[in-house]
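Hello,

Here is the structure you asked for. My notes on what turned up follow below it.

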Amino acid sequence: SSQPFRRLVIMATSAPSLSDPNWQYGMGGWNNPRLPNFNLHDPTVIGVDWLGFLCLLGASLALMYKLMSFKGPDGDQEFFVGYREEKCLSIYVNLIAAITYWGRICAHFNNDMGLSLSVNYFKYLDYIFTCPILTLDLLWSLNLPYKITYSLFVGLTIACGVFCNAFEPPARYLWFMFGCFIFAFTWISIIRLVYARFQQFLNEDAKKIRAPLKLSLTLYFSIWCGYPALWLLTEFGAISQLAAHVMTVIMDVAAKSVYGFALLKFQLGVDKRDVWLDELRSVRYSEPPPQIRPSKSREGPAGYNYDEEHDFPRFSKSSNRPHDMRHSRGSEHASRQRPPQDLYPHDDGNGMEKDQEISSTMKQIAELNKQLSALQDDERM
């Protein structure tokens, strides 16, 4: 009765031999003996790897050009993105992915020999960098909390995937389950935050910037669930490894390039319309959430604009903006906290009285200046 248990322990603890046919070091990990061998020299594999490389490299170059040519909402800031480099995260994502695809192509030229040329390890080298950066890009663009925390959780999920790929069963499936646990917690947590923010874009004024945000969120949350599902289908022989390889390339391009362009369009829409993304106060609203309105309705003192609900102060494009409000989200203005009341007063009921007092004082000063000028003219005469 103890024989099956001993066999299980030996499988889980013993290191496989290099001569074991179930280990394909060109693939980078254990290969299920029930599945047909995966030929890395198949023209389809080489073709889709080239396609993935060209798409990702082209996307990184296009994103770089689009971002670096954007000169701010007024068109007068040559280094607008240069001082807000968190907007460039989508460039890094696509460029890192393109480099790993180039690694695959180079491995094909070397006949995919040796552990260092493993196609699977190139894939996970891509994911362990790009997936956390993708998450950071989304959370930063929407000014949501736990940017670093949830990005690192995504990185830990990918680390579990690396170990899952490297081990044979049963350790393989234990790593997969642990990775799914971290992934599910992170995925649900981010959805709650993103949904709360998205509720603020439901008004008609935010329609133009809501559409690209909706596309990027759909790609982010749907495709990321596709990767573990694809792994399970491949592991248990529901689809061929060749089909899984092709589908992985398609999902990589969609999750990085298409997602990057959609999120970029949202970011530029926010910047062009001077939309203020305030701190998220709660994921549960007892009343309708405050709506983000890109249109400007009233210009207050010092050139500041306020929307109808007095929630999101903005600048008039015709006014001179204070230098401290030009800082990027990565600077002291990174938290995007609401400006202090004494510096940027809201119209809270006493605002009209204060404005009247200021206006009355200015009139008195102007009248005194006139009297002084008259006295000086009398003295000259």
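**Surface patch**

Trp50, Leu54, Trp102 and Phe109 form a nonpolar patch on the surface, with about 460 Å² of accessible area together. Two elements each give two or more residues to it: α2 (43-68) and α3 (89-109). Phenylalanine 109 lies in helix α3. It counts as exposed because its relative accessibility is 64%, and exposed means over 50%.

**How to read this**

This is a predicted model: local features need pLDDT of at least 70, side-chain atom pairs count only at pLDDT 80 or more, and totals for chains, interfaces and linings use all residues. Residues are numbered from 1 along each chain as its sequence is written, and side-chain values use heavy atoms, with hydrogens and water left out.

Some cut-offs:

- Patch residues have over 30% relative accessible area and no salt bridge; like charges are joined within 9 Å, nonpolar side chains (Val, Leu, Ile, Met, Phe, Trp, Tyr) within 5 Å.
- Accessible areas come from the Shrake-Rupley method with a 1.4 Å probe; for residues, only the protein chains shown count as cover.
- Buried means under 20% relative accessible area, and partly exposed lies between buried and exposed (1.4 Å probe, protein chains only).
- Helices (H or I, at least four residues) and strands (E, at least two) are DSSP runs, numbered from the N terminus.

**Salt bridges**

A salt bridge needs a side-chain nitrogen of Lys or Arg within 4 Å of a carboxyl oxygen of Asp or Glu. The count by this rule is 5.

One of them pairs aspartate 126 with lysine 256, at 3.9 Å from N to O. This pair links distant parts of the chain. Aspartate 126 is in helix α4 (residues 119-141), lysine 256 in helix α8 (residues 241-272), and they are 130 residues apart. Both are buried.

Lysine 256 also bridges to aspartate 252, with the closest N and O atoms 3.7 Å apart. These two are 4 residues apart in helix α8, so about one helical turn separates them. Aspartate 252 is buried too, like lysine 256. Shared partners join Asp126, Asp252 and Lys256 into one network.

Glutamate 235 and arginine 172 form another salt bridge, 3.1 Å from N to O. Glutamate 235 lies in helix α7 (residues 207-235) and arginine 172 in helix α6 (residues 171-198), so the pair ties together parts 63 residues apart in sequence. Both residues are buried.

**Helix α7**

α7 has 29 residues and reaches 43 Å from its first C-alpha to its last. That is close to the expected 42 Å, taken as 1.5 Å times one less than the number of residues. Just after α7, glycine 237 takes a positive phi of about 75°.

Best wishes
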